[in-house]
Amino acid sequence: KCATRNLVTCGDILELQNAGNKQIEAKEAIGEKTWAMLCAYSRGQDDRILENKERQSVGAEINWGIRFQNANQVETFMREFSEEVFNRLVKVGLSSSHVTVNVKKKLYQGEPPKFLGCGRCEDFSKSIVLPSPVDSPAVLFRHAQSLL
């Protein structure tokens with residue numbers, strides 16, 4: 001409804017707030033409550049109460065500067081990374097039976113154009129749901145390694 005009236009940005013709403021008949025038309029088309037809400041938001045006013053939701057997942061991601069030369073380097077990295085993720089789980093008092101591994105494979109030769117960037121890559125993501133929660137870094141490593 002807003003787009004058909006060329007109301008795309010907060011600036012568009014602010015301009016209409018002082019436009020008399022056009023404001024009334026927009027208010028009727030959009031609805032009085034929605035119009036009041038958009039006017040308040042366009043002025044940076046939001047009185048909704050923020051909810052602190054309980055954390056549902058724990059993870060870690062490194063997406064730059066990693067270049068493996070052989071399988072031993074991958075295994076060492078995965079072992080250390082699994083330990084880090086497991087320690088984060090313990091720290092926040094959670095357990096997990098769902099493991100996801102995301103990997104980027106470069107689609108070019110040499111170094112990326114941006115220093116420590118990843119350049120053009122193909123993304124791979126694999127997940128597994130375990131029969132029981134992970135209880136050690138070694139178990140997490142074993143399952144993460146099986147996804148590679």
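Biologist: Which element supplies the largest share of the lining of the largest pocket?

Modeller: The model is a predicted one. In it, strand β1 provides the largest share of that lining, with nine residues. The lining comprises 47 residues, and Ile62, Val101, Asn102, Val103 and Lys104 lie nearest the centre of the pocket. At least two residues each come from α4, β1, β2 and α5 (137-146). The volume of the pocket is about 1600 Å³.

Biologist: Why is the contact of Glu84 with Arg88 called a salt bridge?

Modeller: The criterion is a side-chain nitrogen of Lys or Arg within 4 Å of a carboxyl oxygen of Asp or Glu. For Glu84 and Arg88 the N to O distance is 2.8 Å, so the term applies. Both residues belong to helix α4 and are four residues apart, about one turn of the helix.

Biologist: What makes Glu84 and Arg88 partly exposed?

Modeller: Partly exposed residues fall between the buried limit, under 20%, and the exposed limit, over 50%. Glu84 has a relative accessible area of 35% and Arg88 one of 33%; both values therefore lie in the intermediate class.

Biologist: How many salt bridges does the structure hold?

Modeller: There are five. Among them is the pair Arg79 and Glu75, whose closest N and O atoms are 2.9 Å apart. These two also lie in helix α4, four residues apart. Arg79, at 42% relative accessibility, is partly exposed, as is Glu75 at 31%.

Biologist: Which parts of the structure does the salt bridge between Glu111 and Arg67 tie together?

Modeller: In this salt bridge the closest N and O atoms are 4.0 Å apart. Glu111 is in the loop between β1 (98-106) and β2 (121-129), whereas Arg67 is in the loop between α3 (32-42) and α4 (71-92), so the pair joins parts that are 44 residues apart in sequence.

Biologist: What makes the pair Phe77 and Phe81 stacked?

Modeller: The search of the whole structure finds two aromatic pairs. In the pair Phe77 and Phe81, the ring centres are 5.1 Å apart and the planes stand at 20°. Phe77 and Phe81 are four residues apart in helix α4, about one helical turn.

Biologist: Why is the pair Phe68 and Phe77 called tilted?

Modeller: Their planes are at 55°, with 5.4 Å centre to centre. Phe68, Phe77 and Phe81 form one aromatic cluster.

Biologist: How do you know that the buried residues of α3 line one face of the helix?

Modeller: The buried residues of α3 are Trp35, Cys39, Ala40 and Ser42. Viewed down the axis of α3, they fall within an arc of 165°, so they line one face. What covers them includes α1 (10-16) and α2 (21-30). Just after α3, Gly44 takes a positive phi of about 80°.

Methods:
Residues are numbered from 1 along each chain as its sequence is written. This is a predicted model: local features need pLDDT of at least 70, side-chain atom pairs count only at pLDDT 80 or more; totals for chains, interfaces and linings use all residues. Side-chain values use heavy atoms; hydrogens and water are left out. Buried means under 20% relative accessible area, exposed over 50%, partly exposed in between (1.4 Å probe, protein chains only). Rings of Phe, Tyr and Trp (its six-membered ring) pair if their centres lie within 6.5 Å; planes under 30 degrees apart count as stacked, over 60 as edge-to-face and the rest as tilted. The arc is that of the directions from the helix axis to the C-beta atoms. Contact means heavy atoms within 4.5 Å. On a 1 Å grid over the protein atoms alone, a cavity is a set of points where a 1.4 Å probe fits but cannot get out, and a pocket is an open set with protein on both sides within 12 Å along at least five of seven lines; lining residues have an atom within 4 Å of a point. Grid points are joined across faces, edges and corners, and a volume is the space filled by probe spheres set on the points.
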